[in-house]
Each structure stands twice: as C-alpha cells, then as structure tokens.
Amino acid sequence: PANPSDGVHHGGTLTLIDEKSATIKNTKTHDSGALEVTIDWMGTDYRLLNIYAPAKPLQRVKFYENFRKYLEEDIIAGGDWNVVPDVLLDVQSSNPLNYENNGAALLEQATNGCKLWDFRRDQLEGEFEATRIGNNRNGATATRIDRVYVPTIDRMNHLLWSFEIEENFT
C-alpha cells in the first residue's frame with residue numbers, strides 16, 4: 001500500500017545470507033537504496049551490492065549519476081533497477097518505446113565500465129521474462145527491471161552462474 005504521508009509506494013533492499021554457508025564480514029549502507037555486504041564463502045570474499053533505484057524518473061537519474069562510485073570489477077550487483085537494458089526486449093506493453101527508462105544509459109555506462117555482465121540476458125536466449133507486471137498511464141506493462149550483474153574478472157571465472165525468478169515463496 002501507499003505511504004499515507006505522501007501517497008507513494010516505497011521500496012527498499014533486503015539481503016539474505018545463509019550463515020550456515022557463508023560468513024558475513026562487513027555491511028555498508030551507501031546512499032538510500034544501496035546496501036553492500038561482504039561475505040566469506042568457502043574461503044573467498046565476495047562483495048554483494050543490493051540496489052533499489054528510485055521509481056520516479058528524476059530521482060532515478062540523480063541516483064545513477066552517483067552510482068558508479070559503488071561499483072568495482074569484483075562486485076555482484078543485483079536488485080530492482082527500475083530501468084530496463086533494452087525497451088524492445090524487456091518491456092511488453094501497447095507502446096514499449098514510450099516506457100520511461102530514464103537513467104538506463106547511466107546504469108549501462110557504469111556496469112560496462114566495471115565489466116559487469118547481465119548474465120540472465122544470455123541465459124534467457126532472447127526470451128522475455130517479466131519481473132514486474134503492473135499498470136501505468138500507458139496501460140498494462142510487464143518489464144524486466146530486476147536483475148543481477150556479475151563480474152567478468154579472471155578470479156571469478158570458476159563460478160557457474162545461474163538465476164531464476166521464483167514466483168511464489170512458500
């Protein structure tokens with residue numbers, strides 16, 4: 001439900017770590033909407049960055065203008081980005097080209113600059129996957145705004161990445 005004080009839906013980040021499998025070494029809250037957790041998993045440290053980018057276009061652009069400072073080549077970054085990489089592949093609506101994708105180019109510059117890879121894009125092999133379905137002023141819209149960017153650096157090449165969307169938590 002909307003917040004009664006401003007009528008806006010607010011989101012946030014949550015990072016769950018199975019402490020039987022990994023040890024939390026450090027947590028760091030960056031600007032609102034960015035939580036970083038360093039874990040030790042099987043004797044190696046991994047940095048996880050959980051993102052909730054603002055839904056409002058102007059706030060989102062401002063967020064992404066400062067976003068690059070959180071990224072490095074060894075970080076695993078996932079979350080609700082509130083933008084899509086490609087409106088033609090990642091938006092299903094009556095007019096995908098009309099989707100408010102403000103900030104997407106800034107996100108792409110940042111992730112490309114750190115050689116982070118949208119692994120799920122390749123895993124989907126060009127198929128559409130909705131991570132959000134809702135209504136906006138253009139009618140019903142389905143988008144892939146939630147995703148994970150993984151490192152492509154040599155020390156992470158031994159990892160086998162696999163992601164899937166879980167529709168129901170039981």
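Let's start at a bridge: Val 91 is partnered with Thr 143 in strand 8. Strands here are DSSP runs of E with at least two residues, while helices are runs of H or I with at least four residues, and both are numbered from the N terminus. The model is a predicted one, in which local features need pLDDT of at least 70 and side-chain atom pairs count only at pLDDT 80 or more, whereas totals for chains, interfaces and linings use all residues. Residues are numbered from 1 along each chain as its sequence is written, and side-chain values use heavy atoms, with hydrogens and water left out.

Strand 5 and strand 8 (residues 139–143) pair in the antiparallel sense over two bridges; pairing requires that DSSP find at least two bridges between two strands. The open sheet has three strands in the order 5-8-7, with antiparallel pairing. Strand 5 and strand 7 (132–136) are at the edges with a single partner strand each, so one side of each has no neighbour in the sheet.

Pro 96 sits in the loop between strand 5 (91–92) and helix 3 (104–113). Beyond its neighbours within four places in sequence, Pro 96 is in contact (heavy atoms within 4.5 Å) with Val 87 and Val 91. Its C-alpha atom is 9.7 Å from that of Asp 86, 10 residues apart along the chain. Is Pro 96 buried or partly exposed? Pro 96 counts as partly exposed because its relative accessibility is 22%; buried means under 20% relative accessible area, exposed over 50%, and partly exposed in between, with a 1.4 Å probe and protein chains only.

Asp 86 also turns up beside Arg 121, which touches Pro 85, Asp 86, Leu 89, Asp 90, Gly 126 and Arg 144, not counting residues up to four places away in sequence. Arg 121 belongs to helix 4 (residues 119–124) and is buried, with a relative accessible area of 17%. Its side chain makes a polar contact with the side chain of Asp 90 at 2.4 Å. A polar contact is a pair of N or O atoms within 3.5 Å; within protein, one must be able to donate a hydrogen and the other to accept it, and residues adjacent in sequence count only if both atoms are side-chain atoms.

## The nonpolar cores

The largest nonpolar core has 19 residues, and those with the most contacts inside it include Leu 49, Tyr 64, Phe 67, Trp 81 and Leu 107. Such a core is a set of buried Ala, Val, Leu, Ile, Met, Phe, Trp, Tyr and Cys residues joined through side-chain atoms within 4.5 Å. Strand 3 (44–52), helix 1 (57–65), strand 4 (75–80) and helix 3 each supply at least two residues of this core, and helix 3 gives the most, with three. Apart from this core lies another, of 12 residues, among them Ala 22, Tyr 46, Met 156 and Trp 161.

## Aromatic pairs

Nine aromatic pairs occur in the structure. Rings of Phe, Tyr and Trp (its six-membered ring) pair if their centres lie within 6.5 Å; planes under 30 degrees apart count as stacked, over 60 as edge-to-face and the rest as tilted. Tyr 64 and Phe 67 have ring centres 5.6 Å apart and planes at 85°, so this pair is edge-to-face. Both Tyr 64 and Phe 67 are buried.

Trp 117 and Phe 119 are another edge-to-face pair, 5.1 Å centre to centre with 90° between the planes. Trp 117 is partly exposed at 31% relative accessibility, whereas Phe 119 is buried at 14%.
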